[in-house]
Each structure stands twice: as structure tokens, then as C-alpha cells.
Amino acid sequence: MNEKIGTDNAKSVIVFYAIEHKNIEDLSYEDAWKICVAGNFDEISCRNIFSFDMTADNLGNMLRNPNQLDKATLKGIEEEYLIGDANFMFVKPEVGEPIDGFFIKAYIAQANS
């Protein structure tokens, strides 16, 4: 195995943000990250982070297919939206940039349809 000591590629996170950008629902996850998070947009706050013992690719695949998502995680996503004011979530390895992301309101609607 040719991995760096101290890294664990099998860990990933969903990072929840409240982003007050007027067109946030129209932005791709790449643009939302680049413009709002990496670009130090003023109207943004990290609301929560969910950690998973799986690769970011596996987590992203699971989220892209909501029927594969366990009920507790879906409920947590809904709570972050309703209670925590989060409106965007990013899927990423513990360290690094996101590999996927979702506007939460649309994601919940799709997951519950």
C-alpha cells in the first residue's frame, strides 16, 4: 500500500453551510464552493459536519441515490435544513476540496419523492 502516514482515505464528511447568496440554488457545487466558501464570501457560516467511515466517492454515490441513504442520515440532513438554517451541503474527504454538493431544499424534495 502506497499511502501517506497519518492519512485515512476511508473517511469523509458532509459539511453543511448557510449561504446567503441570492442565486445559491442555481450554483453548481463547484461554483458554490469556489465563490462562497473558498472565496471567503461574507454571508456564509458552517452549520455542522457529519463524519463517515467511507470514502468521499462512496458517500457521494450514496447521496446521489437517496434510496441508498439510511433514514438517520436523511433525517439529519432535513434537520440541518429546518433547524440549522443550512441550505447547501458539500461531500468531501476529511481533508481536501468537495467532490460533490447539493442545494439542500432540492435534495430533500428529490429524496422524499
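Why is strand β3 (residues 88–93) largely enclosed by the rest of the structure? Five of its six residues are buried, where buried means under 20% relative accessible area, exposed over 50% and partly exposed in between, with a 1.4 Å probe and protein chains only. The model is predicted, so local features need pLDDT of at least 70 and side-chain atom pairs count only at pLDDT 80 or more, while totals for chains, interfaces and linings use all residues. Residues are numbered from 1 along each chain as its sequence is written, and side-chain values use heavy atoms, with hydrogens and water left out.

**View 1. Strand β3 and its pairing partners β1 and β4**. Helices (H or I, at least four residues) and strands (E, at least two) are DSSP runs, numbered from the N terminus, and two strands pair if DSSP finds at least two bridges between them. Strand β1 (residues 12–19) runs antiparallel to β3 over six bridges, with Pro 93 of β3 as the bridge partner of Ser 12. Strand β4 (residues 100–103) is also paired with β3 in the antiparallel sense, over four bridges, and here Phe 88 has Phe 103 as its bridge partner.

**View 2. The hairpin formed by β3 and β4**. Six residues lie between the two strands, and in the turn Gly 96 has a positive phi of about 135°.

**View 3. The salt bridge between Arg 64 and Asp 100**. A salt bridge is a side-chain nitrogen of Lys or Arg within 4 Å of a carboxyl oxygen of Asp or Glu, and by this rule the count comes to four. The closest N and O atoms of Arg 64 and Asp 100 are 2.0 Å apart. Because Arg 64 lies in helix α2 (residues 56–64) and Asp 100 in strand β4, the pair ties together parts that are 36 residues apart in sequence. Arg 64 is partly exposed, at 36% relative accessible area, whereas Asp 100 counts as buried at 8%.

View 4. Asp 31 is partly exposed at 28% relative accessible area, while Lys 34 is exposed at 54%. Glu 79 counts as partly exposed, at 35% relative accessibility.
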